[in-house]
Amino acid sequence: NYQLQASSLCFLYSLRIEEMNYQTSDVGEIIVDLIPLSIKKIIPENVLEFINTKFGIFLGCFGVSFAIYLISKRWFNSNKKKLTDSEFTRLRNEYDFIIVGGGTAGSILANRLSEDPENTVLLIEAGKPFDDMHFGFMNTPYYKSLLPFSEHDYSYIIDDEEESNDLDRKIIISRGKGIGGNSAMNHMFYMRGNKTDYDNWEKLGLKGWSYDNILELFKKTEKREFPTHSTDKSYLYHGKEGNLNVVDITDPSGFAIKFLGATKKMGLRPYSKRTKCTSGDDYNAEHQNGAGLIQSTITSTGKRCNTGFAFLEPVLSRPNLDFKTNTKVTKVLFKNNTAVGVRTKTNKKKKTVRAKKTVILTAGPIETPKLLLLSGVGPKEDLKELKIPVVKDLQGVGKNLQDQLITTTSWACKEDEDLYDHPSQIAEIFRMYQPGLKKTPFEVIAFENVVDGITEDIEEEEEEEEPLKEENNKEDNEEGEEERSNEEEEEEEDSNENKIDENNNEIENKEEEEEEEEEIICEPPNVAHYLYTALLSESFYIIKYDDENIEFNKKRDKSYGFTVFTQLLKPYSRGSIRLESNDHEDDPFIQPNYMSDERDINILVNGIKSIREKIKSSNLYTESELEELPDPKFKKLSSKNKTLQKFIKQTCFSIGSLAGSCKMGTKEDNLAVVDENLHVHGLKNLVIADSSVMPNITSGCTLAPTTMIAEKASLIIKNKY
């Protein structure tokens, strides 16, 4: 098994080298350079020449890959402990608290609720336990690309049926299945969202959920490693004693630093006198607007800070905490509208476990509503159709589903730029140089607010300007007219000065208008742009754009550059989750309704237009010799709204930041599933504490908000008992 894994990684490296179009001799020289000088002296020259061949490169990659694996295995072997034995835990018949889902929220709740030795806590996780191989690869940030579609990924497939989504193609939604849940396989972005996200929750009647009320919960969870450029205000918004490591991306590439420096001239670091909205480097502090280095959940030693290992692993020795893996909860049990336990299934063994105090669902925005529906909680008409006994008619279970789609644009640049993809960077990774392994190519992020309406096509504006350029070229024949017009303008300026002196209101009005414009810039962002200092594998294929078709073509000539991801932060479209059968083994039917609200695709179109225009107007465009990829035709044709809309529908994807399927709201809200204390409406002793309770998704990836929700739930439950 070890050799198979190492060979697979070797194959990945070989493909990567081939895609980057490096000359064989260049790659061979890199591998030869890795050989210590003392060993080189005893290696025959014909062997060194063999290394420069394709087969020699493959063998060299295999050797390096296997060495990486051996080091990773030894590095993470100490973390194995009880986690791999949790599948064989013998369960008691009764616990005070039963937590369903060992993901981001479940791990935190297991830690907090078991702090009191009088509480007995059971944490149940459907995923398999990790062996030392998975520890090595899953906890190394560089290997993130190996995790999707593995046994630790639910890999929900959204069919291209008309009723499923409006994209006319299949979409894969990856969700973590195992210790730490999604935090075990996400991109490790730490984003709390915008202050207004939480203030708006409270405006819906959810007391205690404003940003000022929940800030301390973020700080309690976080262990922030402050960079040298942090301001005094940054320290007020972060915690230092928590379990979740948060760091700025370490050792950013030279191009990332250049790009960050250019964001001010791009207009991505605004400032408003009236609102005092500044765009510092810390988007998780006073203001979110602006640009900065990405904050990631990575430890100082270069490991992914999986919440399972951060919160759960340190407390597994507590005698009052049991942790069961490879175990599915098939049903929540009720008695007189009170949750009294759960029914579990481990392999083929079934068991009923009772809860004396509370059953807590933390299975995520897809599995949590699925379990509720299987347990008889949801729309009664849907439950009766599947012959599931109705416990509580709650129309909102599975409704209000929200997802943040992402699309990309790629750029080629000159080959001496210091990118993550640079051959020297690859050599560092082969040498197991720490900075190469403890980061990903995601290095800079910028937030902005774009309009959600249709804007005019750029081509139309350019065509109107062309006749003006031709007229301006006739300077020799119109010099006399220009001189006369200049004299008339000077006379007009003199008269205008006198008028302005008599009435200063005009100046004041202009200043107020400028300040109002600056306030608009500081509105909560609805798109985020990620600088990915490498080219995606999919981006090595030219996409031809026209008014009819979008198709993939041959490999392109340009192979050195970067990618910009543009993410829809605040989708207007709402989807749903429902059962297709009453069998717990079947996946639910997920209907995201992507782009069903046209404002979503308008925002993505305007987001792409905005970042392209900003890049092209910056000094970076000429200094780094940037060229938009994948095709020169893209520059012209992609400016059309219809073409960009087709491009987005054909290329956008989900990163699994789902929310809202068990909405938090008041009794007056027909779609509300839980109240402000996270208790399910109309039922006792049943709590939901994951991203499914968000009434509206936050402005960013959902990891950080989910940790806050878990902390909030633990306090609510502790105060109750």
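Helix α9 (residues 211-221) and helix α24 (residues 703-720) pack with their axes 9 Å apart, at an angle of about 105°. Axes here are lines fitted to C-alpha atoms, for helices over the stretch in contact, and angles run from 0 to 180 degrees between N-to-C directions. The two helices are therefore roughly perpendicular to each other, a label given to angles of 65 to 115 degrees. Helices (H or I, at least four residues) and strands (E, at least two) are DSSP runs, numbered from the N terminus. From α9, the residues I214, L217, F218, K220 and T221 meet A704, P705, T707, M708, E711, K712 and L715 of α24, where contact means heavy atoms within 4.5 Å. By class, this contact has seven nonpolar, two polar and three charged residues. Ala, Val, Leu, Ile, Met, Phe, Trp, Tyr, Cys and Pro count as nonpolar, Asp, Glu, Lys and Arg as charged, and the others, Gly among them, as polar.

The model is predicted: local features need pLDDT of at least 70 and side-chain atom pairs count only at pLDDT 80 or more, whereas totals for chains, interfaces and linings use all residues. Residues are numbered from 1 along each chain as its sequence is written, and side-chain values use heavy atoms, with hydrogens and water left out.

The loop between α8 (195-203) and α9 holds L204. This residue is partly exposed, with a relative accessible area of 43%; buried means under 20%, exposed over 50%, and partly exposed in between (1.4 Å probe, protein chains only). L204 and G665 are 461 residues apart in sequence, but 7.1 Å apart in space, C-alpha to C-alpha. Apart from neighbours within four places in sequence, L204 is in contact with T666, P695 and N696.

Helix α24 also takes part in the lining of the second largest pocket, as do α6 (104-113), β12 (327-334), α13 (364-374) and β26 (653-659), each with at least two residues. The largest share, seven residues, comes from α13. Of the 47 lining residues, Y154, G176, A363, G364 and E367 are the closest to the pocket's centre. By class, the lining has 17 nonpolar, 20 polar and ten charged residues.

Backbone angles come last. Most residues other than glycine have a negative phi. L678, in the loop between β26 and β27 (686-688), has a positive phi of about 70°. At 0% relative accessibility, L678 counts as buried. N593 also has a positive phi, near 55°, and lies in the loop between β24 (589-591) and α20 (598-616).

Technical notes: Parallel < 35°, antiparallel > 145°, perpendicular 65-115°, else oblique. 1 Å grid on protein atoms, 1.4 Å probe; cavity = no way out; pocket = protein on both sides within 12 Å on 5 of 7 lines; lining within 4 Å.
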